[in-house]
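Reader: Please take a close look at one part of this model, the interface between the two chains. What meets there, and which elements take part?

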There are 2 protein chains.
Amino acid sequence: VRAASGDHSLADVLHVIRVDGARSRAEVMDATGLTRAVATQRIAELADSGLIVPDGTAPSTGGRPPRHVRFAADAGTLLVADLGATSIDVALTDLGGTVLAHLGEPADVSDGPVKVLGRLEQLFTRLVARRRSDPAVRAIGIGVPGPVEFGSGLPVSPPIMPGWDGYPIRDRFTARFGVPVWVDNDVNVMALGEWRHGIARGHDNVVYVKVGTGIGAGLISDGQLHRGSQGAAGDIGHIQVTPDADVRCRCGNTGCLEAIAGGGALGAAGEQAARDGRSPVLAAALHERGRVTAQDVAAAAGRGDATAFALLQRAGKDLGNTIAGLVNFFNPSLIVLGGGVSHAGDVLIASVREVVYRRSLPLATRDLLIRRTALGDRGGVIGAATMAADELFSRTALPRWIGDRATGAGVAVAHV
Amino acid sequence: VRAASGDHSLADVLHVIRVDGARSRAEVMDATGLTRAVATQRIAELADSGLIVPDGTAPSTGGRPPRHVRFAADAGTLLVADLGATSIDVALTDLGGTVLAHLGEPADVSDGPVKVLGRLEQLFTRLVARRRSDPAVRAIGIGVPGPVEFGSGLPVSPPIMPGWDGYPIRDRFTARFGVPVWVDNDVNVMALGEWRHGIARGHDNVVYVKVGTGIGAGLISDGQLHRGSQGAAGDIGHIQVTPDADVRCRCGNTGCLEAIAGGGALGAAGEQAARDGRSPVLAAALHERGRVTAQDVAAAAGRGDATAFALLQRAGKDLGNTIAGLVNFFNPSLIVLGGGVSHAGDVLIASVREVVYRRSLPLATRDLLIRRTALGDRGGVIGAATMAADELFSRTALPRWIGDRATGAGVAVAHV
């Protein structure tokens with residue numbers, strides 16, 4: 001029976017104004033089903049709290065023209081981070097997810113949480129110190145490259161993050177910055193950002209596929225992020241795509257998609273081609289930097305290298321076969337390809353398209369789009385900001401925001 | 001902005017009483033977030049309409065003991081049908097999905113809609129004629145073995161239903177019986193029934209896999225049926241499981257799961273084994289009935305036939321590999337196996353379990369259950385009743401019910 005508790009109307013009104021773009025009381029009533037009296041009162045409360053502001057008037061249809069409102073994205077800021085396998089990206093954004101300041105640098109997530117999060121804390125502190133006249137930080141959002149139990153914010157057996165299992169990321173940052181902290185899997189966060197601010201806007205069913213060192217997916221299911229029952233949804237990198245027992249994956253199994261079509265596999269195949277003398281372009285890359293990466297393979301393909309082209313095509317085909325299965329199962333209206341490898345030319349996405357349209361059922365592909373991410377390298381931090389704002393203004397957390405304003409309680413980060 | 005329209009509180013109150021089991025005003029307020037005044041009014045309206053009835057009192061905690069209410073499942077009946085590839089099952093149920101009368105017979109869906117639906121109409125009419133003192137029919141729910149555009153109730157390019165593409169099933173039955181009609185894919189309907197009334201109760205993320213002549217899946221995603229963007233979700237029978245170009249599927253592609261592990265494939269493999277002299281038990285079945293079915297293979301395995309056992313084990317392994325991929329992607333807490341082949345002994349389900357637990361990631365299988373359907377052969381009609389009741393009492397349709405009662409308008413089927 002206890003599906004929910006308390007009065008949700010305040011959060012619901014803010015949601016339709018902030019996310020769906022309702023501007024007038026009439027639109028709020030229409031979108032929420034609330035009565036005129038309740039809608040009027042909730043709009044007034046949100047205006048008092050500073051979360052919505054007047055935004056002109058609508059054309060009059062006779063009588064007094066209705067006043068318009070909009071979400072006050074500048075009523076606070078968010079500190080956000082996208083931890084990748086080999087990078088840290090941090091940003092200060094407004095409450096609408098617009099990036100105000102950004103810092104990025106290489107990092108190795110396998111160095112463990114003490115070192116990596118220590119560095120993240122320094123970067124956050126630097127962003128806060130620089131923010132000058134920007135409003136106070138209201139929340140922190142962090143994406144990490146592994147499964148997270150979203151309710152607790154704890155990483156759970158993340159395969160490429162040794163030492164992170166069960167590490168209390170949330171507690172550490174709450175203690176340090178005194179604001180609420182939310183942590184999720186990086187691909188979930190990217191899917192959320194792409195859905196709210198990128199190419200997936202307006203789609204209710206989306207599969208976001210990140211092809212980086214590893215391969216993972218984020219799902220929007222019937223208009224909400226689908227995390228699955230343990231927060232493990234989207235782990236498509238370890239779907240078996242070949243019975244070949246020689247293809248060993250870092251997960252311990254054999255024949256996984258990631259072990260064949262991931263950035264690591266692509267780089268290794270490119271390096272082998274360089275050593276075998278099958279690709280002069282890749283041989284030059286190997287000679288220059290001592291190794292070949294997936295980016296090198298993509299660049300070589302772009303310069304017309306036949307071997308590199310074939311490697312990308314092969315990876316696209318394997319990826320396409322797996323995605324075709326997901327299309328049959330889940331019937332999304334959009335597939336978004338993101339991550340480092342996806343940025344690199346059109347070969348990969350063309351191969352994926354070709355296989356998906358051939359292998360998926362006609363009904364499932366009738367209106368299916370396959371597109372590259374619109375947010376590029378910023379997808380992770382924009383997604384983390386989207387997550388943090390959604391949680392901060394949720395039915396559960398919003399009353400706390402309003403309460404803090406009413407009692408004049410500041411936010412500790414102002415004193416950092 | 002127009003996410004929804006109008007006041008949903010009446011439908012929401014009925015939902016928490018009917019589905020979630022709220023019994024008192026306090027529980028209704030807790031579950032819906034409505035104020036005391038609105039909850040009181042809505043409960044009174046539902047009682048006036050006959051949809052909820054008094055159900056004793058709660059223990060007093062001092063003062064007047066609170067009155068309890070429950071959903072009046074006997075306030076009407078539903079006519080429901082489960083059209084399979086080779087069978088028709090019809091039932092008269094109460095509004096809670098309890099079967100009051102049931103009829104079933106063989107049928108061939110490829111005979112086309114005119115013949116099959118003509119027969120269905122006769123069966124419905126027979127059920128209605130028999131119903132005697134049962135209350136009036138309020139709605140019709142039909143499951144069909146192919147994709148359906150749920151909004152319109154039209155089948156869309158159903159692969160095994162020649163002649164059904166775009167056939168107006170809903171209009172035909174509305175015209176004949178004068179009540180609202182809802183049509184959906186049979187596996188969606190089974191998933192819904194299993195989730196509300198069967199083994200999937202309480203699970204928010206469920207994959208129901210039907211293994212019959214074909215193979216299909218129904219998904220519960222975050223507490224609602226996931227139909228996908230074209231109503232095509234769950235079509236897992238045509239996921240490629242082998243690159244072997246000799247495995248031809250009726251869909252036109254090669255290497256599909258259904259062409260390897262479906263009931264049709266299993267029967268054909270059994271018949272081949274019978275002809276090759278590899279299985280005396282299957283040879284006897286072939287001799288007796290001129291063909292070998294998947295049921296024969298399952299029965300032979302149950303009697304210790306090694307060849308039949310190996311065939312089922314192989315099908316279970318292929319099915320398990322595909323399901324393992326879905327588990328990684330979707331992270332359900334429960335897999336339900338249903339359909340004719342699943343009823344037949346433990347070999348298949350044991351093989352599926354073995355592969356899924358080995359191939360899926362530890363986090364995704366930590367609390368994963370794999371179970372057989374609890375509703376057996378009745379799963380289709382119970383599911384169709386669940387769908388019809390959910391739609392009849394939805395935010396959109398409920399006001400019409402209340403309106404009809406208020407104006408004393410009867411339901412035409414009473415005159416059949």
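Author: Start with one pair. Arg366(A) and Glu149(B) join their side chains in a salt bridge, at 3.9 Å from N to O. The term means a side-chain nitrogen of Lys or Arg within 4 Å of a carboxyl oxygen of Asp or Glu. Across the interface of chain A and chain B the rule finds two salt bridges.

The model is predicted: local features need pLDDT of at least 70, side-chain atom pairs need pLDDT 80 or more, and totals for chains, interfaces and linings use all residues. Side-chain values use heavy atoms, without hydrogens and water, residues are numbered from 1 along each chain as written, and chains are lettered from A and ligands numbered from 1 in written order.

Polar contacts come next. Between chain A and chain B, 31 residue pairs are in polar contact, both at pLDDT 80 or more. Such a contact is a pair of N or O atoms within 3.5 Å; within protein, one must be able to donate a hydrogen and the other to accept it, and sequence neighbours count only if both atoms are side-chain atoms.

Several elements of chain A give two or more residues to the side that touches chain B, including helix H2 (25-32), strand S11 (215-221) and helix H11 (306-330). Helices (H or I, at least four residues) and strands (E, at least two) are DSSP runs, numbered from the N terminus. H11(A) gives the largest share, six residues.

Now the whole interface. In contact (heavy atoms within 4.5 Å) are 59 residues of chain A and 59 residues of chain B. The buried area is about 4900 Å², with 50% from carbon and sulfur atoms. That area is the accessible area (1.4 Å probe) lost on putting the two parts together, summed over both.
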